[in-house]
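Please look over the model below before reading on.

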Amino acid sequence: MTFVPSRTKLTTPHSHLVPHGKIPCLLVDEAVPIYGSENICAYLDSISGGKALPPPGTLARFEALTTEALASGIMDAEIGRGTRLNSS
């Protein structure tokens with residue numbers, strides 16, 4: 001399993017793994033890309049036997065998912081800000 005950091009430029013050897021160009025990307029078994037924070041969290045929860053996130057249907061689960069959505073939005077905003085700064 002390889003984690004491609006969120007600051008990775010899209011011209012890396014891993015660029016072809018994410019068709020829409022968004023990162024992070026988790027490369028499983030050096031062949032299967034899983035991208036999108038939500039999907040990465042769900043995958044990690046599944047391989048941990050469902051112990052990485054609170055149980056489905058609980059308020060704690062939705063609080064964890066809301067925190068993940070906030071973090072994803074912050075990353076999108078930061079990446080967009082960096083792109084604008086670099087292109088001027």
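1. pLDDT is the predictor's confidence in each residue, on a scale from 0 to 100. This is a predicted model, in which local features need pLDDT of at least 70 and side-chain atom pairs count only at pLDDT 80 or more, while totals for chains, interfaces and linings use all residues. Residues are numbered from 1 along each chain as its sequence is written, and side-chain values use heavy atoms, with hydrogens and water left out.

2. The chain has an average pLDDT of 76, and 67% of the residues score at least 70. Over residues 83-88 the pLDDT is below 50, and beyond near neighbours in sequence this stretch has 1 contact in the model (contact means heavy atoms within 4.5 Å). Where pLDDT is low, the predicted coordinates should not be read in detail.

3. A search of the whole structure finds 1 salt bridge, a term that stands for a side-chain nitrogen of Lys or Arg within 4 Å of a carboxyl oxygen of Asp or Glu. The side chains of Asp 45 and Arg 61 meet in a salt bridge at 3.7 Å, N to O. Asp 45 lies in helix α1 and Arg 61 in helix α2, so the pair ties together parts that are 16 residues apart in sequence; helices (H or I, at least four residues) are DSSP runs, numbered from the N terminus.

4. Is Asp 45 buried or exposed? At 8% relative accessibility, Asp 45 counts as buried, where buried means under 20% relative accessible area, exposed over 50%, and partly exposed in between (1.4 Å probe, protein chains only). Arg 61 is buried as well.

Key:
Helices (H or I, at least four residues) and strands (E, at least two) are DSSP runs, numbered from the N terminus.
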